[in-house]
Amino acid sequence: MHSAIRSCEERMKKTIASLKEGYAALRTGRASPALFDKIRVDYYGEKTPLNQTANISTPEARLIVIQPWDKALIGEIEKAIRSSELSLNPSNDGKVIRIAIPPLTEERRKELVKQAKGQAEQSRVAIRNIRRDGNEELKKFLKDKELTEDEENKNSEELQKLTDSCIKQIDAVLEEKESEIMEV
């Protein structure tokens with residue numbers, strides 16, 4: 001495998017990983033600690049990720065329990081969750097914060113699926129752009145006589161197979177997320 005293809009493969013894998021990461025933050029009707037990955041809490045003047053200030057668990061499918069390591073943070077954590085774009089309503093008993101995840105409306109589900117499809121399409125475009133960059137690099141190697149025409153064609157075909165494989169992975173990740181969102 002040519003170094004240009006290896007480089008493209010790495011970039012494509014990162015694109016897929018980034019899509020999966022983006023999907024983890026998409027709220028479905030199910031409780032998931034990943035929902036809070038982007039939430040930052042004011043921890044003694046520092047904006048700190050929530051998961052570094054508290055234990056986040058899901059004892060039930062629609063319930064999240066957040067147990068701060070420092071009880072003094074309970075108000076800050078609650079404020080951070082309320083001001084996030086998750087539209088969740090936390091309640092606390094002085095020791096832990098409980099958040100009931102309401103079931104999604106049909107309209108909201110469709111909106112989330114549309115959002116997921118948009119993210120998947122952005123990833124497909126990124127993969128195709130990486131393929132284009134790889135092909136340009138291979139043509140440059142051919143022009144500089146570092147590759148023969150046959151080698152360049154073989155590498156281009158390999159790059160296309162890699163692209164097709166990555167796009168199939170993106171479609172599978174999207175399909176999985178879609179069914180998770182639509183599940184009642």
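Arg 124 is in contact with Ile 167, Ile 170, Asp 171 and Leu 174, leaving aside its neighbours within four places in sequence. In this predicted model, Arg 124 is part of helix α3, and a polar contact of 2.9 Å links its side chain to that of Asp 171. From here we can look at the helices, then the strands, and finally a loop.

- Is Arg 124 buried or exposed? With a relative accessibility of 14%, Arg 124 counts as buried, because buried means under 20% relative accessible area.
- Thr 163 is a residue of helix α4, which covers residues 149-182.
- The relative accessible area of Thr 163 is 1%, so Thr 163 is buried as well.
- Which residues does Thr 163 touch, not counting those up to four places away in sequence? They are Met 12, Ile 127 and Arg 131.

**How the helices pack**

- Two packed helices are described by the angle between their axes and the distance between the axes.
- For α3 and α4, the axes come within 10 Å and cross at roughly 170°.
- Angles over 145 degrees count as roughly antiparallel, and α3 and α4 are therefore roughly antiparallel to each other.
- Sorted by class, the contact of α3 with α4 has 14 nonpolar, 7 polar and 11 charged residues.
- Helix α1 (residues 3-24) also packs with α3, at an angle of about 170° and with the axes 9 Å apart.
- The pair α1 and α3 is therefore roughly antiparallel too.
- In the contact of α1 with α3 there are 12 nonpolar, 5 polar and 5 charged residues.

- Strand β1 takes in residues 40-43 and strand β2 residues 46-49, and the two pair in the antiparallel sense over 4 bridges.
- Which residue in β2 is the bridge partner of Tyr 43? The partner is Glu 46.
- There are 2 residues between the strands of this hairpin, and Tyr 44 takes a positive phi near 50° there.

**An open sheet**

- Another set of strands forms an open sheet of 4 strands, with antiparallel pairing and the order β3-β4-β6-β5.
- Which strands are at the edges of the sheet? They are β3 (54-60) and β5 (91-92), each of which pairs on one side only.
- The pairing of β5 with β6 is antiparallel and runs over 2 bridges.
- If you look for Ser 91, you will find it opposite Arg 98 in β6.

**The loop between β6 and α3**

- Pro 102 sits in the loop that runs between β6 (97-100) and α3 (106-143).
- Pro 102 has a relative accessibility of 36%, so it counts as partly exposed.
- Although Pro 102 and Leu 88 are 14 residues apart along the chain, their C-alpha atoms are separated by 8.3 Å.
- Leu 104 also has its place in the loop between β6 and α3.
- Leu 104 is buried, because its relative accessible area is 10%.
- How far apart are the C-alpha atoms of Leu 104 and Cys 166? The separation is 31 Å, for two residues that are 62 residues apart along the chain.

Definitions and conventions: Residues numbered from 1 in each chain as written. Predicted model: local features only at pLDDT ≥ 70, side-chain atom pairs only at ≥ 80, totals over all residues. Heavy atoms only, no water. Pairing = 2+ DSSP bridges. Buried < 20%, exposed > 50% of the residue type's maximum accessible area, 1.4 Å probe, protein only. Axes fitted to C-alpha atoms, helices over the stretch in contact; angles between N-to-C directions. Parallel < 35°, antiparallel > 145°, perpendicular 65-115°, else oblique. Nonpolar A, V, L, I, M, F, W, Y, C, P; charged D, E, K, R; others polar. Polar contact = N/O pair within 3.5 Å; in protein donor to acceptor, adjacent residues only side chain to side chain. Contact = heavy atoms within 4.5 Å.
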